[in-house]
Amino acid sequence: MNMIINETLQLYPPVVMIMRMVEKEVKLGANNLIIPPNTEVIITPLAPHHDPEIWGEHVQFFKPERFSEGILTAAHNKFGFVPFSSGPRNCVGMNFAVNQAKIAFTMILQNYSLPVSPGYIHSPIHGLVSCPQYGLQLTLHPIE
């Protein structure tokens, strides 16, 4: 279940923009890009999450097995997987959200199978949050 949740978060991070204020001058990258103090920067998890240099050529495919040995091993980069940001200002609800998803999925999957509707069109959109453009049509079939 961890691999499936992490792969989902890698492809569709819950928040697509993280805003931060730079407190002191920072040099970034090989070109030493200088960001002056008091500059507001926007960080998007979509950039590293969809980077083929980090995740490989099949970055857009749903492949939970890429997390079989953990998050850092999958990303090969400590900032390659940041669905809840990272560091001292990461999302305080991260553990709660992941545990809530595990509990909900466990309860649902014990009682139902969830085939995707044949008419489903996979078309995610990224606004303030990532979501399916046309919703997610599932049919709950009780398990007997």
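Visitor: Which side chains meet in a salt bridge at 4.0 Å, N to O?
Guide: Look for Glu23 and Arg89. Keep in mind that this is a predicted model. Glu23 sits in the loop between β1 and β2, and Arg89 in the loop between α4 and α5. They are 66 residues apart, and the pair links distant parts of the chain.

Visitor: Are Glu23 and Arg89 buried or exposed?
Guide: Both Glu23 and Arg89 are exposed.

Visitor: How many salt bridges does the structure hold?
Guide: There are 2. Glu7 forms one with Arg66, and their closest N and O atoms are 2.8 Å apart. Glu7 belongs to helix α1, while Arg66 lies in the loop between α3 and α4, so this pair ties together parts 59 residues apart in sequence. Glu7 and Arg66 are both buried.

Visitor: What describes a pair of aromatic rings?
Guide: Two values: the distance of the centres and the angle of the planes. This structure holds 3 aromatic pairs. In one of them, Trp55 and Phe67 are 5.5 Å apart, centre to centre, with 45° between the planes. That pair is tilted. An angle over 60 degrees would count as edge-to-face, and one under 30 as stacked.

Visitor: Where in the chain do Trp55 and Phe67 lie?
Guide: Trp55 is in helix α3, residues 52–55. Phe67 is in the loop between α3 and α4. The two are 12 residues apart.

Visitor: Which residues form one aromatic cluster?
Guide: Trp55, Phe67 and Phe81.

Visitor: Why does Trp55 count as buried?
Guide: The cut-off is a relative accessible area under 20%. Trp55 has 8%, so it is buried. Phe67 is buried too, with 4%.

Visitor: What is Trp55 in contact with, leaving aside neighbours within four places in sequence?
Guide: Its contacts include Gln10, Pro48, His49, Arg66 and Phe67. Ala74, Ala75, Gly80 and Phe81 are also among them. Arg66 is the partner of Glu7 in the salt bridge above.

Visitor: How many residues has the largest nonpolar core?
Guide: It has 11. Among them are Ile5, Leu9, Ile54, Trp55, Phe67 and Phe81. Helices α1, α3 and α4 each supply at least two residues of this core.

Visitor: Now a loop residue. Where is Lys24?
Guide: Lys24 is in the loop between β1 (18–21) and β2 (26–28). With a relative accessible area of 62%, Lys24 is exposed. Leaving aside neighbours within four places in sequence, Lys24 is in contact with Ile35 and Pro37. Now compare sequence and space. Lys24 and Thr39 are 15 residues apart in sequence, but 9.0 Å apart from C-alpha to C-alpha.

Visitor: What does the UniProt annotation "binding site" cover?
Guide: That record, an unreviewed entry, places it on Cys91. Cys91 is found in the loop between α4 and α5 (94–111). Its relative accessibility is 36%, so Cys91 counts as partly exposed.

Visitor: Let us step back. How many helices and strands has the protein?
Guide: It has 5 helices and 8 strands. From the N terminus, the order is α-β-β-β-β-α-α-α-α-β-β-β-β. The C-alpha atoms fill a box of roughly 60 × 30 × 30 Å along the principal axes.

Visitor: What share of the 144 residues counts as buried?
Guide: The share is 22%. The protein exposes about 10200 Å², and carbon and sulfur atoms supply 61% of that. Contacts can also be read by sequence distance. Among those between residues at least 6 apart in sequence, 57% join residues at least 24 apart.

Definitions and conventions. Residues numbered from 1 in each chain as written. Predicted model: local features only at pLDDT ≥ 70, side-chain atom pairs only at ≥ 80, totals over all residues. Heavy atoms only, no water. Phe/Tyr/Trp six-rings, centres within 6.5 Å; stacked < 30°, edge-to-face > 60°. Helix = DSSP H or I, 4+ residues; strand = E, 2+ residues; numbered from the N terminus. Buried < 20%, exposed > 50% of the residue type's maximum accessible area, 1.4 Å probe, protein only. UniProt positions renumbered as here; feature names shortened; annotations may be inferred. Core = buried A, V, L, I, M, F, W, Y, C linked by side-chain atoms within 4.5 Å. Contact = heavy atoms within 4.5 Å. Areas by Shrake-Rupley, 256 points an atom, 1.4 Å probe, with all protein chains shown as cover.
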